[in-house]
Amino acid sequence: MYSWALITGDTPTTTDALSFRQSLGCFPSGVCLVSTVTEGGKREGMTINSFSSVSLDPPLILWSIRNDARSADAFIGSRHFIVSVLAASQRELAQHFARSAPDKFSLWENEFDAGLGGCPRLRHSAATFECATYSRHAEGDHTILLGRVDRHIRRPVAAIILHQGQMGSLWDLAQSAAEPR
């Protein structure tokens, strides 16, 4: 058996939540918006970076949500959801949907139309995956949601990525890393 450790310089340390999160931040990931609609018609949306492909046949994707997130019940109980891979030009939208608010869509009303299952579908993202909920798996403090992709679209634009807590295009983040500190 082994234990997880964070290497800082030459000294390994045991993993606490903050240092584990910082280590995870070393892996660049895409930034997405996930959206759904409750049976009562309330739209929910949040910025995520926990998105991955699972299978081509059937076409499956996954993402995860913290169980104590304000909108967790809506997403975990949903029959449909949409994952939009955000374009580099959608940084402000990503930041807006990363914050808690009772109605995140009101400021961005013109950016959405109705997608599969009535879920809010973001226009002009780098890619969009409209999904039927395939399965749910409670793991640790998150629930993993698998979606069967029923419709998808992609556009020839740069996506926004997250690396070490910074959001931007690959070019922006590379330039930032190259600047002297």
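Predicted model: local features only at pLDDT ≥ 70, side-chain atom pairs only at ≥ 80, totals over all residues.

**Stop 1: the cavity**

Select K42, R43, E44, G45, R70, P102, D103, K104 and F105, and you have the lining of the largest cavity. How much space lies in the largest cavity? About 30 Å³. A search of the whole structure turns up one cavity of 30 Å³ or more. Now colour that lining by class: two residues are nonpolar, one is polar and six are charged. P102 and F105, both in the lining, go with the nonpolar class because Pro and Phe count as nonpolar. G45 is in the lining too, and Gly counts as polar.

**Stop 2: from the lining to a ring pair**

Are they buried or exposed? F105 has 1% relative accessibility, so F105 counts as buried. F112, at 8%, counts as buried as well. The cut-off behind both calls is under 20% relative accessible area.

**Stop 3**

The structure holds six aromatic pairs. For another of them, select W63 and F81: the ring centres are 6.0 Å apart and the planes sit at 70°, so this pair is edge-to-face. Show the cartoon too, and you'll find W63 in strand β7 (residues 59-66) and F81 in strand β8 (residues 80-85), so the pair ties together parts 18 residues apart in sequence. Both W63 and F81 are buried.

**Stop 4: a three-stranded sheet**

Stay in cartoon view and pick out β3, β13 and β14. They form an open sheet in the order β3-β13-β14, with antiparallel pairing. Which strands stand at the edges? β3 (29-30) and β14 (166-168) do, each with a single partner strand, so one side of each is left without a neighbour in the sheet.

Zoom in on β3 and strand β13 (residues 161-163), which pair in the antiparallel sense over two bridges. To finish, select G30 and look across to β13: standing opposite is I161.

Terms used
Residues numbered from 1 in each chain as written. Heavy atoms only, no water. Pairing = 2+ DSSP bridges. Helix = DSSP H or I, 4+ residues; strand = E, 2+ residues; numbered from the N terminus. 1 Å grid on protein atoms, 1.4 Å probe; cavity = no way out; pocket = protein on both sides within 12 Å on 5 of 7 lines; lining within 4 Å. Points joined across faces, edges and corners; volume = space filled by probe spheres on them. Phe/Tyr/Trp six-rings, centres within 6.5 Å; stacked < 30°, edge-to-face > 60°. Buried < 20%, exposed > 50% of the residue type's maximum accessible area, 1.4 Å probe, protein only.
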